[in-house]
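Dear colleague,

I am handing over the structure below, followed by my notes on what was found in it. Please read the notes alongside the model.

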Amino acid sequence: MGLVFSIMFALGVILISKIETTVHLDHILFGDVLGLSWQNILETAGVTTLVLSFIFFKGKDLLVFVFDQQHAKALGLPVTLLHYGLLSLLSLTIVAALKAVGMILVIAMLITPGAVAH
């Protein structure tokens with residue numbers, strides 16, 4: 001997984017450097033906090049509200065689902081909905097965070113909790 005991730009990241013950097021665009025490579029990798037508009041801030045606030053409300057209403061179900069999917073299924077929880085809901089919210093969070101903090105910090109946000117837990 002780490003090898004594939006590193007290769008795809010390097011391939012993406014090569015492709016973005018070869019394509020003529022007005023977006024600078026540094027803004028993709030490290031974000032552009034000073035270039036954010038109010039529209040970007042409102043979109044991020046909307047995604048944050050959506051994610052926090054989902055966690056507030058389904059937090060205990062998510063906790064059971066994440067630790068033991070078979071137990072969650074035996075309890076009668078909507079396992080498929082929780083699975084795809086969690087993946088959708090993760091995708092929305094990644095897309096919302098990319099503009100502000102960049103690819104490297106988003107990747108660190110995903111990898112660090114698992115590495116610390118391991």
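F5 sits in helix α1 (residues 2-18), where helices are DSSP runs of H or I with at least four residues, numbered from the N terminus. This is a predicted model, in which local features need pLDDT of at least 70 and side-chain atom pairs count only at pLDDT 80 or more, while totals for chains, interfaces and linings use all residues. Residues are numbered from 1 along each chain as its sequence is written, and side-chain values use heavy atoms, with hydrogens and water left out.

With a relative accessible area of 36%, F5 is partly exposed (buried is under 20%, exposed over 50%, partly exposed in between, with a 1.4 Å probe and protein chains only). F5 belongs to a nonpolar surface patch together with Y84, L87, L90, M109, L110 and I111, whose accessible area is about 630 Å² in total (Shrake-Rupley method, 1.4 Å probe, only the protein chains shown counting as cover). Such a patch takes residues with over 30% relative accessible area and no salt bridge, joining nonpolar side chains within 5 Å. Helix α5 (residues 79-117) supplies the largest share of the patch, six residues.

There is one salt bridge, defined as a side-chain nitrogen of Lys or Arg within 4 Å of a carboxyl oxygen of Asp or Glu. The bridge joins K58 to D61, with the closest N and O atoms 3.8 Å apart; both residues lie in helix α3 (residues 38-67), three residues apart, about one turn of the helix. K58 is partly exposed at 27% relative accessible area, and D61 is partly exposed at 23%.

Best regards

Conventions:
Patches are made of residues with over 30% relative accessible area and no salt bridge: like charges are joined within 9 Å, nonpolar side chains (Val, Leu, Ile, Met, Phe, Trp, Tyr) within 5 Å. Helices (H or I, at least four residues) and strands (E, at least two) are DSSP runs, numbered from the N terminus.
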